[in-house]
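Hi everyone, thanks for making time today. I'd like to walk you through a structure that is new to this group, so let's bring it up on the screen.

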Amino acid sequence: MAVPKRRTPKAKQRSRRGHHRVAVPQLVRCKTCRAAHVNHMPCPVCGIYNGRQVLDRDEEPIEQ
């Protein structure tokens, strides 16, 4: 197994890991009720996704 000959400097580690960060969820407005919801998920208020009713309004919204 290969073993590094030198210790990797912190600057090199941090530049390599620069893209490891938490992504902010993309919020969009519902076309029917104008409520904000996560993109590619049904609206928790009215239950419509892609123009179809996929959730009953009596159900609890999907938690993520």
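**A short tour of the chain**

Let's start at His 40, which is exposed, with a relative accessible area of 60%. By exposed I mean over 50% relative accessible area, while buried is under 20% and partly exposed lies in between, with a 1.4 Å probe and protein chains only. The areas themselves come from the Shrake-Rupley method with a 1.4 Å probe, and for residues only the protein chains shown count as cover.

A word on the background. This is a predicted model, where local features need pLDDT of at least 70, side-chain atom pairs count only at pLDDT 80 or more, and totals for chains, interfaces and linings use all residues. Residues are numbered from 1 along each chain as its sequence is written, and side-chain values use heavy atoms, with hydrogens and water left out.

Now the overall layout. The chain has one helix and four strands, in the order α-β-β-β-β from the N terminus on. Helices (H or I, at least four residues) and strands (E, at least two) are DSSP runs, numbered from the N terminus. Of the 64 residues, 12% count as buried. The accessible surface comes to about 6,400 Å², and 52% of that belongs to carbon and sulfur atoms.

Back to His 40, which sits in the loop between β2 and β3. Its phi is near 65 degrees, a positive value in a residue other than glycine. Most residues other than glycine have a negative phi. Asn 50 also has a positive phi, near 55 degrees. You'll find Asn 50 in the loop between β3 and β4 (52–53), and it is exposed, with a relative accessible area of 67%.

Pro 42 is in the loop between β2 (36–38) and β3. Is Pro 42 buried or exposed? It counts as buried, because its relative accessibility is 18%. Pro 42 and Leu 55 are 13 residues apart in sequence, with their C-alpha atoms 7.6 Å apart in space.

Next, the cysteines. How many disulfides does the structure hold? The count is zero, where a disulfide is a pair of cysteine sulfur atoms within 2.5 Å. Cys 30 is in no disulfide, and the nearest cysteine sulfur, that of Cys 46, is 3.5 Å away. That distance of 3.5 Å between the sulfurs of Cys 46 and Cys 30 is too far for a bond. Cys 30 is buried at 4% relative accessibility, and Cys 46 is buried at 8%.

Cys 46 is found in the loop between β2 and β3. Beyond its neighbours within four places in sequence, its contacts (heavy atoms within 4.5 Å) include Cys 30, Thr 32, Gln 53 and Leu 55.
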